[in-house]
Amino acid sequence: MRAETHPFGSEHKRWLIVIMLAGFGVVNYLDRQALSVLAPTLRKELGITTEQYSYIVSTFLTAYGIGYAITGRMLDRIGVKLGLALALAFWSFIGMAHAAAIGWLTLACARFLLGLGQAANSPGGMKALAEWIPPRERGLCSAIFSNSNSLGAVLAPPIVAGLALWLGWRWAFLIVGVSGFGLLLLWWWFYDSPEKHRSLSEAERAHILQHRGAAPAAKPDVPA
């Protein structure tokens with residue numbers, strides 16, 4: 001029973017899932033806020049007017065709303081692991097593609113695609129929490145996941161501005177986008193459902209599935 005006293009003990013691998021999902025929120029907002037941080041530079045170098053910039057912002061918001069319906073259905077059909085992996089890879093690539101912008105139209109196209117991809121973050125994170133976190137812990141875990149967006153928004157100005165001053169605005173987009181692929185590797189290596197996760201103890205697996213109203217699954221076969 002002592003393993004239950006510390007949130008990062010051997011019987012609490014679900015908290016590592018929460019931390020990884022928080023990483024999604026941070027990366028999501030780093031990519032999203034990069035444009036806001038670099039807007040004065042982009043408007044000057046690419047000759048973007050105030051009206052044109054408003055169109056760029058609006059395309060992201062429009063796509064984000066559309067993306068909820070698309071990505072929500074996708075996550076239900078293919079699952080959290082693959083669904084969030086595809087979304088993260090897509091929006092990270094599109095974030096890097098901002099570096100190739102030559103005017104407001106190309107930026108608007110990039111923002112539209114970014115909005116579609118990033119819309120998967122919130123429903124995907126909540127679906128993963130529902131799979132892994134018992135109801136009595138879900139409020140705290142949801143708060144950690146939700147507040148990771150704010151952390152990303154706080155980190156974006158110094159990181160993006162520093163990269164732009166050091167290497168230029170195109171490299172700032174590229175480097176911030178690459179960070180998502182680092183998280184992608186970690187996600188694909190570590191994440192799986194509680195029923196299938198190979199390093200999850202049987203005690204924690206039973207605890208999670210019991211509080212989800214499911215029968216504990218058999219331990220996955222581990223190759224010799």
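This is a predicted model: local features need pLDDT of at least 70, side-chain atom pairs count only at pLDDT 80 or more; totals for chains, interfaces and linings use all residues.
Side chains of opposite charge can pair when their charged atoms come close.

| Salt bridge | N to O distance |
|---|---|
| Glu-137 and Arg-14 | 2.8 Å |
| Glu-137 and Arg-136 | 4.0 Å |
| Arg-205 and Glu-202 | 3.1 Å |

Glu-137 pairs with Arg-14, with 2.8 Å between the closest N and O atoms. Because Glu-137 belongs to helix α6 (residues 135–167) and Arg-14 to helix α1 (residues 14–45), this pair ties together parts that are 123 residues apart in sequence. Glu-137 counts as buried at 10% relative accessibility, and Arg-14 is likewise buried, at 0%.

Glu-137 also meets the side chain of Arg-136 in a salt bridge, although Arg-136 is exposed, with a relative accessible area of 63%. These residues belong to a network of salt bridges that links Arg-14, Arg-136, Glu-137 and Glu-204.

The pair formed by Arg-205 and Glu-202 lies within helix α8 (residues 202–211), where the two residues are three positions apart, about one turn of the helix. What is the relative accessible area of Arg-205? Arg-205 has a value of 0% and is buried, whereas Glu-202, at 35% relative accessibility, counts as partly exposed.

Notes
Residues are numbered from 1 along each chain as its sequence is written. Side-chain values use heavy atoms; hydrogens and water are left out. Helices (H or I, at least four residues) and strands (E, at least two) are DSSP runs, numbered from the N terminus. Buried means under 20% relative accessible area, exposed over 50%, partly exposed in between (1.4 Å probe, protein chains only).
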